[in-house]
Amino acid sequence: MASFERASPALKEILLRIYNAEKPIEVDYHLYEFGSVEYHIKSSVSEPQVTYLSISTPFLSQGVFLSYGLSPFTLKMVRQISTDVLHIVEPANDGYQLTLRLDFSKLPHNKESLKIITEVSSVQAVILSSQLKEMLQNVNSWDSSQAMYKPIKLIYHPKEPFYVIRQPQKIVAVFPMRFKDNSDVIIATSFFQELMDVVSLKKWAKVPPCNWSPIPPLELRGESFEDLSTNGGFVSFDISSHHVEGKRLDKTVWSLLNFYAYVKHHVKCTRGFIQRRMRRRLDNLVEVLEKSRVEDGQIKKVQGWRKMRKMVGSKSKMIKRRWGDLGKKIKRIRFRIKIHGFARFRRRWLTVPSFSSSTAYTKLQTNGNNN
Amino acid sequence: MPFMTSPELLLNPVLICRNEAEKCLIETSINSLRISLKVKQADELENILAKKFLRFLSMRAEAFQVLRRKPVQGYDISFLITNYHCEELQKQKLIDFIVQFMEDIDKEISELKMSVSTRGRLVATEFLKQF
């Protein structure tokens with residue numbers, strides 16, 4: 001399963017380097033992630049155990065939170081990361097929404113220290129998820145006399161907004177899905193249909209009901225055309241009160257925030273899988289074709305009787321040799337009287353011509369059927 | 001292949017259809033043969049899988065020698081077998097290869113479709129476990 005880590009790997013590495021340094025080091029790093037998140041890490045030799053971490057991140061919902069900064073609920077979530085090590089500096093540094101003072105002397109000298117540093121590195125995820133948690137926590141506090149709430153547009157991934165709409169007894173999260181490639185759309189649509197099938201099973205009765213539709217749901221009518229024009233349809237999850245009880249709240253929020261990334265990751269992995277399968281099949285087919293090739297080794301050209309003689313078995317060799325010897329003996333007996341020039345005359349006019357036989361030709365031999 | 005200049009060298013083409021979506025066209029001449037196949041594509045997923053796979057093979061046509069880079073219009077993939085190929089390759093095995101190729105295409109597309117659906121289901125299950 002894809003693991004979407006909350007902690008920023010670069011930030012974690014820098015904090016660990018500062019914590020594990022043998023001597024106090026001067027650090028002043030600016031770190032940028034995802035194009036819009038900025039970290040400023042500062043540590044000086046004069047305060048060796050203290051590091052200042054400032055964060056600037058776009059909020060989930062620009063309209064609601066921008067004018068008020070971080071909500072008290074968000075600040076409370078951040079403090080809960082570690083009450084001993086982490087202190088919020090107010091006001092925050094210029095250009096940042098939050099500045100933290102990290103006291104590494106308060107870190108325990110065991111594996112806990114790594115866990116705390118990892119949680120500090122996930123402060124950006126904490127800020128964003130706390131905003132969604134605040135919305136989801138009051139699922140049942142909807143007043144029936146009020147009109148339907150307007151959809152709230154949230155942006156976790158750039159250019160991929162999703163909507164949260166409050167309804168009686170539930171909150172609906174709607175994800176407009178967009179893909180660059182038509183084949184991605186079809187793979188994703190197949191995934192959404194499987195998701196709906198799985199959710200409809202009795203075994204998964206406790207998970208948020210899921211629905212996919214190629215057209216925008218009724219609740220989103222009225223939103224801008226740009227936001228509603230998609231090629232992958234709309235996926236919606238109905239979040240009710242038991243999905244946000246206790247520890248489930250954090251898991252539900254994190255799953256919703258990473259739904260886009262999850263789908264994109266699945267589509268990418270599926271494409272890679274298809275590519276590997278095709279390559280394997282290609283290799284198999286080429287192998288089959290190569291077997292039909294006529295190899296050079298299978299063609300045997302035989303020229304003259306001498307070469308053929310080597311291929312004849314040893315028994316027939318012996319018989320021929322013996323016959324040859326006998327023939328010579330007979331000739332010697334017959335031709336005791338020597339006549340000058342007669343041998344030449346005999347060779348030219350009296351020898352029987354040898355007809356073409358299996359011992360003197362060029363034969364093309366192949367393994368399979370020939371034409 | 002004698003097409004434009006010598007039409008008298010072309011023999012009658014043969015079209016074998018299983019149905020409207022699956023057919024095989026065999027065009028022959030005195031020294032070569034062109035076999036074009038249209039593969040079954042029941043839905044959108046099979047459509048993109050067939051397109052991807054056959055395009056993948058066509059782009060690597062040099063590995064097959066007898067495969068054309070561009071299929072005949074109206075078909076998904078085409079073979080061109082010339083007299084030179086018949087000298088380098090054993091005829092019977094070449095025929096076996098073409099038949100196996102056709103069977104493997106259908107089999108591969110069906111298996112890919114099933115694998116994509118199975119993967120989707122597994123991934124959906126893992127996603128829902130988080131709630």
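**Close-up views of a predicted two-chain model**

**View 1. A salt bridge joins A:K133 and A:D250.** In this predicted model, the side chains of A:K133 and A:D250 form a salt bridge with an N to O distance of 2.9 Å. A salt bridge is a side-chain nitrogen of Lys or Arg within 4 Å of a carboxyl oxygen of Asp or Glu. Across the interface of domain 1 and domain 2 of chain A, the rule finds one salt bridge. By class, the side of domain 1 of chain A that touches domain 2 of chain A has eight nonpolar residues (Ala, Val, Leu, Ile, Met, Phe, Trp, Tyr, Cys and Pro), three polar and one charged (Asp, Glu, Lys and Arg), the others, Gly among them, counting as polar.

Residues are numbered from 1 along each chain as its sequence is written, and chains are lettered from A and ligands numbered from 1 in the order in which they are written. Local features need pLDDT of at least 70, side-chain atom pairs count only at pLDDT 80 or more, totals for chains, interfaces and linings use all residues, and side-chain values use heavy atoms, with hydrogens and water left out.

**View 2. Domain 1 and domain 2 of chain A are in contact.** The domain assignment (automatic or from a database) gives domain 1 as 9-137 and domain 2 as 151-266 in chain A. Contact (heavy atoms within 4.5 Å) takes twelve residues from domain 1 of chain A and 18 residues from domain 2 of chain A. The centres of the two domains, taken over C-alpha atoms, are 29 Å apart. Between them the domains bury about 1,300 Å², 80% of it on carbon and sulfur atoms. Buried area is the accessible area (1.4 Å probe) that two parts lose on being put together, summed over both.

**View 3. Chain B meets chain A.** In this interface, 42 residues of chain B are in contact with 44 residues of chain A. The two chains bury about 4,400 Å² between them, 70% of it on carbon and sulfur atoms. On the chain B side, B:F127, B:L128 and B:F131 lose the most area to chain A, together 17% of what that side buries. Seven salt bridges are counted between the chains. A:R281 and B:E108 meet through their side chains in a salt bridge at 2.6 Å, N to O.

**View 4. A:C210 is a buried cysteine.** Zero disulfides (pairs of cysteine sulfur atoms within 2.5 Å) are found over all chains.

Note on methods
Buried means under 20% relative accessible area, exposed over 50%, partly exposed in between (1.4 Å probe, protein chains only).
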